[in-house]
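Here's a protein chain to look around in. Take a moment with the sequence and the 3D view, then read on.

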Amino acid sequence: MSDHRPQKPRVLVCPLNWGLGHASRCIPLIRRLQLAGFEVIVAADGRALKLLQTEFTDITCIRLPGFSPRFSAGAKLTGEMLMWIPALIWHSLLEHRKLASLVDAYKIAVVISDNRFGLFTHKAVSVFITHQIMIKAPRILSFIEPILYRINRFFIQKYDYCWIPDLPGNENLSGDLSHKYPLPLNAHFIGLLSRFSKNNKAGFTMNGPILAVLSGPEPQRTIFEELILKQLDTLNQEAIIIRGIPEHHIHAEFSTRAILLAHMKPEAFSQAIAGSRLVVCRSGYSSLMDMAVLGKKEVLMIPTPGQTEQEYLAARLKAKGWFNVQNQRDFNMGGAILSANKYKGIPLKAGESLLDEQIFLLNRHLEDSAPNR
């Protein structure tokens, strides 16, 4: 790399590789950064990197390994995640050291980390993206939530900015996750981030096949896929299954009732969601934002067993009557099809201007500090 500064300020976008949610919500962020005149470089690994490489064929992508533990098949995910905290902190420290060399080599002006705790630096403006200012603990361990909040806040305050993909005020999506405890002083809401556009749903009727969207860490992603295929075999229903494995090059596979796709481009994906009679997916936060932006109501949410964030969000959705929710052990696709029209969906607007405002302020920050960089 040459020593001179690039004409456009360079932004390094680094999503966490736990499922595809963090990477997918970086897609609209990258687009908006490009529109605002930034040059974007992606640093990620695994499926997150492959997704963004597939979506943005003309940008530089760097492999930056993240912390990716493998969980058991049982519903003990919460306990395992708590045991991994020391390893996560250690990996974050290693990641922090690696970042310094990347900033120098690529002349990075801004680093945006989506839930990767070690990617802050004094050599560039640092932004942390999260919808979890607090981390939900299981009910039996709820007394440790204030401790987890303080640990989380400690890392967040290492960054210049914390961007929360949600709306301020009582009408919000994340509930307790970003609205229960006091926000860090560097925190700003940026609205809902979705790779989809609501305009893509125009002209579609909701009588198409069932659409199952798989995501999340293994082995639960595969377990969920097998459950869906088993139930489809007993139902006289056609389905499309988006497997959430963009690293696979096989375009389509076929079972008795389903077409299985490794991945789908956003425009076709949004049309498939809009035209489906029922969407079956995890209650991950990025999925919620996608359904909110598209205005989809016919949705069955199945939280990943033991993942407290998804279980909390699912319970909140059910209490508000926004979506149908089932536990994985009680999964009944037939019943969900019959009750698909009984739910009102998420009545929230995207709040796109909030992100535009923060990108404008980020640009202003760079301009004001240019002589010192």
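## Contacts and overall build

Contacts here mean heavy atoms within 4.5 Å. Of the contacts in the protein chain with a separation of 6 or more, 68% are between residues 24 or more positions apart. By the way, this is a predicted model, where local features need pLDDT of at least 70 and side-chain atom pairs count only at pLDDT 80 or more, while totals for chains, interfaces and linings use all residues. Residues are numbered from 1 along each chain as its sequence is written, and side-chain values use heavy atoms, with hydrogens and water left out.

The chain has 12 helices and 14 strands (DSSP runs numbered from the N terminus: H or I, at least four residues, for helices; E, at least two, for strands). Of its 373 residues, 56% count as buried, which means under 20% relative accessible area with a 1.4 Å probe, protein chains only.

## A closer look at glutamine 328

Where does glutamine 328 lie? You'll find glutamine 328 in the loop between β14 (324–325) and α11 (333–338). Glutamine 328 counts as buried because its relative accessible area is 13%.

Leaving out residues up to four places away in sequence, glutamine 328 touches Gln220, Ile223, Phe224, Leu227, Arg282, Ile302 and Pro305. With one of these, arginine 282, glutamine 328 makes a side-chain polar contact of 2.7 Å (a pair of N or O atoms within 3.5 Å; within protein, one must be able to donate a hydrogen and the other to accept it, and residues adjacent in sequence count only if both atoms are side-chain atoms).

Terms used: Buried means under 20% relative accessible area, exposed over 50%, partly exposed in between (1.4 Å probe, protein chains only).
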